[in-house]
Amino acid sequence: MTAFDVRKFDYTPEEVLEAARNNRLLSAEIEFNRSCNYRCPYCYAVGKPAELPRETAEQVIRDVAKMGARKIVILGGEPLLCRDLRDYILLAESLGMASEIFTNASLIDESWAQFFFEHACRVAVKLNSLDPGIQEKLTGVPGALDRALQAIGLLQKAGLDEKRLAASSVICSANEKEVVDLWKYLRQNHIKPYLEIMTPQGRLLEHRDLEVHPHRLKEIFDEIASFDRSLGIDWDPQPPLAGAKCLRHQFSCVISASGDVMPCVGLTIKVGSVLEQSLPEILFNSNIMSRLKEFRSTIKGPCRTCEKAATCYGCRGAAYQLTGDYLASDPLCWKNCDELLFAPPLVPCDAQQLLPHRPPMTMVTRLLEVGEWSRVEAKIAPDNRFLRNGVFDPEALPEIVAQACAAITGFEEADKNLKGMLTGLRNIEVLSPVRSGDTLHVFARESGKLDDYYVVAFRLCRAADGELCARGEISICRVR
């Protein structure tokens, strides 16, 4: 059995600075696969299942080791669905690296538990609630709580202690009332808590009702920190992680199952592909990675002047997903939110913050362009109320356009409280059916105005191939 060394998993501030200064890695987050048997409503990993070719995956592990990494962090999808996972862990071990696996735990049995123990792995089990109904809601699978608790029992029986066994949780509206008690439960049962704020991306864009306001997040962080201080564990609350700091761009990166290299799972800017270049070449030549390492001089807005700026730059994923600028200040930090969360964002940007609509009615997702013809993205989710046998009701297409107009107006007038009513239709042509799963681009242009009544010409195209699905005009009355 390999001796466990916690230093492979956790780093000092000095080690982080040294890694950034010398362009080295301390860890790398790798998606060997994106297939999953759960459907968490906040998951970032959407899209078609993918898997890194074995030869590429092995080369990535070797390259990560050459760059000084002490561990690989294995993400997914569900990692245990990767048929070569044991081989990848053994290869990392042979190169002097430990493995940290984030899993929904549904496939953990005695064999896996023993393997993780014998090969010095840390395992983080998805556990968002101790309420069976809430855990099911946040995983999309019946019996998810029983499976998680059973896996925790097997891992503890195999010998994983609180240095090696963690529970991965998010704070959301479904569990916010119990999340402090969940933290206490984990501490009391010798399980390392890994609690984080959600990033507005992936499936969360279809489930915005799960989001929690930053001021409420601060209350939760403060209560957890107070409890930890009673145990002699002292930390300063700051997003996006409870009990920890996120400076991962100083020493880490993500390699996705499709081979794309990104700063992190939230900051989804592709800086290269390991299917085309070596990982060291990609990281050494990336201006984005360099600017993130130099965050003290490159970060913008309140995050740059914050008293914590030496050791915190907010959540880069939240900044990017909400503003389109990976160096913008974090709008979800409670220090910034009153100034930034409802301020006019950059474009492209998340559309929800511009809309009076709420899920599940909301269909538009991003404001892409503002100009003579503005462009807004909309997605037809499988549970959309206007679907009939997988085909979107043509009579509801103007509602998508009206929501797009609301996003454009919310941006231009910086007024989220501005309401509107769809009052008329003219010259509507439906040219191609819209189906479940389609991503659409709505092109809209104001073609007439009388007081608070507006006429808007539109074209609605399928994003994948540019096919024109519908066109015409709608009239809207704006209400203040």
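Buried, in this talk, means under 20% relative accessible area; exposed means over 50%, and partly exposed lies in between, with a 1.4 Å probe and protein chains only. This is a predicted model, where local features need pLDDT of at least 70, side-chain atom pairs count only at pLDDT 80 or more, and totals for chains, interfaces and linings use all residues. Residues are numbered from 1 along each chain as its sequence is written, and side-chain values use heavy atoms, with hydrogens and water left out.

Rings first. Phe, Tyr and Trp rings (the six-membered ring for Trp) pair if their centres lie within 6.5 Å; planes under 30 degrees apart are stacked, over 60 edge-to-face, the rest tilted. The structure holds ten aromatic pairs. One of them joins F102 and Y194, edge-to-face, 5.3 Å centre to centre, with 75° between the planes. F102 sits in strand β3 (residues 98-103) and Y194 in strand β6 (residues 192-197), so this pair ties together parts 92 residues apart in sequence. Helices here are DSSP runs of H or I, at least four residues; strands are runs of E, at least two; both are numbered from the N terminus. F102 is buried, at 18% relative accessible area. Y194, at 23%, counts as partly exposed.

Next pair: F221 and W334. They are edge-to-face too, 5.1 Å centre to centre, 65° between the planes. F221 is in helix α8 (residues 214-230), W334 in the loop between α13 and α14 (337-340), 113 residues apart. F221 is buried at 0%. W334 is buried at 9%. Ring pairs also link W112, F115 and F116 into a cluster.

Now helix α2, residues 54-66. Which residues of α2 are buried? T56, A57, E58, V60, I61, D63 and V64. Their cover includes β1 (27-31), β2 (71-75), α3 (85-94), β7 (254-255) and α9 (279-284), with contact meaning heavy atoms within 4.5 Å. After α2 comes G68, with a positive phi near 95°.

Last, the second largest pocket. A pocket is an open set of points on a 1 Å grid over the protein atoms alone, where a 1.4 Å probe fits, with protein on both sides within 12 Å along at least five of seven lines; lining residues have an atom within 4 Å of a point. This pocket holds about 1000 Å³ of space, a volume being the space filled by probe spheres set on the points. It is lined by 35 residues, with Y44, V46, G202, L205 and K379 nearest its centre.
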